[in-house]
Amino acid sequence: LWFFKEKEKTMKSSSIPTELLLALDREFTFATASYNPFHSAHEGYAVLLEEIRELEHEVFLNHRIRDVDAMKKEALQVAAMAMKFIVDITG
């Protein structure tokens with residue numbers, strides 16, 4: 001939870017659910033442990049765009065067959081890749 005420890009003091013208890021922060025931390029930790037740092041802003045953007053397209057696929061499914069858990073998973077991956085972009089490229 002390195003990313004959130006500094007923000008803990010200023011965050012309102014109702015602003016972001018703790019479970020969501022923990023899930024995002026797990027996804028970010030997995031991504032940084034599994035993949036090399038982005039070599040350039042272009043590479044980071046391409047990876048982030050790929051994750052957004054995977055989320056788009058889930059979102060644009062017919063609402064009757066849409067999988068909420070799959071959308072959540074893809075949205076967490078988008079958020080984790082955005083964090084990885086910030087750390088690797090602008091850090």
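Colleague: Which residues lie nearest the centre of the largest pocket, and how many residues line it?

Modeller: This is a predicted model, and in it 14 residues line the largest pocket, with Ala-31, Tyr-35, Val-47, Glu-51 and Met-81 nearest its centre. Helix H2 (18–34), helix H3 (41–59) and helix H4 (68–90) are the elements that each give two or more residues to that lining, and the space in the pocket comes to about 230 Å³. By class, the lining has seven nonpolar, two polar and five charged residues.

Colleague: Why are H2 and H4 called oblique to each other?

Modeller: Their axes cross at roughly 60° and come within 9 Å. An angle counts as roughly parallel under 35 degrees and as roughly perpendicular from 65 to 115, so H2 and H4 are oblique to each other. The crossing in which H2 passes H4 is right-handed. On the H2 side the contact includes Leu-20, Leu-24, Phe-28 and Ala-31, while H4 contributes residues including Leu-76, Ala-80, Met-81 and Val-87. The residues of this contact divide into eleven nonpolar, two polar and two charged.

Colleague: What makes H3 roughly antiparallel to H4?

Modeller: H3 and H4 pack at an angle of about 170°, and their axes are 9 Å apart. Angles over 145 degrees count as roughly antiparallel, and therefore H3 is roughly antiparallel to H4. Among the residues that make the contact are Val-47, Leu-48, Glu-51 and Leu-55 of H3, together with Met-71, Val-78, Met-81 and Phe-85 of H4.

Colleague: How many residues of the contact of H3 with H4 are nonpolar, polar and charged?

Modeller: The contact of H3 with H4 has 15 nonpolar, two polar and four charged residues.

Methods
Residues are numbered from 1 along each chain as its sequence is written. This is a predicted model: local features need pLDDT of at least 70, side-chain atom pairs count only at pLDDT 80 or more; totals for chains, interfaces and linings use all residues. Side-chain values use heavy atoms; hydrogens and water are left out. On a 1 Å grid over the protein atoms alone, a cavity is a set of points where a 1.4 Å probe fits but cannot get out, and a pocket is an open set with protein on both sides within 12 Å along at least five of seven lines; lining residues have an atom within 4 Å of a point. Grid points are joined across faces, edges and corners, and a volume is the space filled by probe spheres set on the points. Helices (H or I, at least four residues) and strands (E, at least two) are DSSP runs, numbered from the N terminus. Ala, Val, Leu, Ile, Met, Phe, Trp, Tyr, Cys and Pro count as nonpolar, Asp, Glu, Lys and Arg as charged, and the others, Gly among them, as polar. Axes are lines fitted to C-alpha atoms, for helices over the stretch in contact, and angles run from 0 to 180 degrees between N-to-C directions. A crossing is left-handed if the near helix is turned anticlockwise from the far one by less than a right angle, and right-handed if clockwise. Contact means heavy atoms within 4.5 Å.
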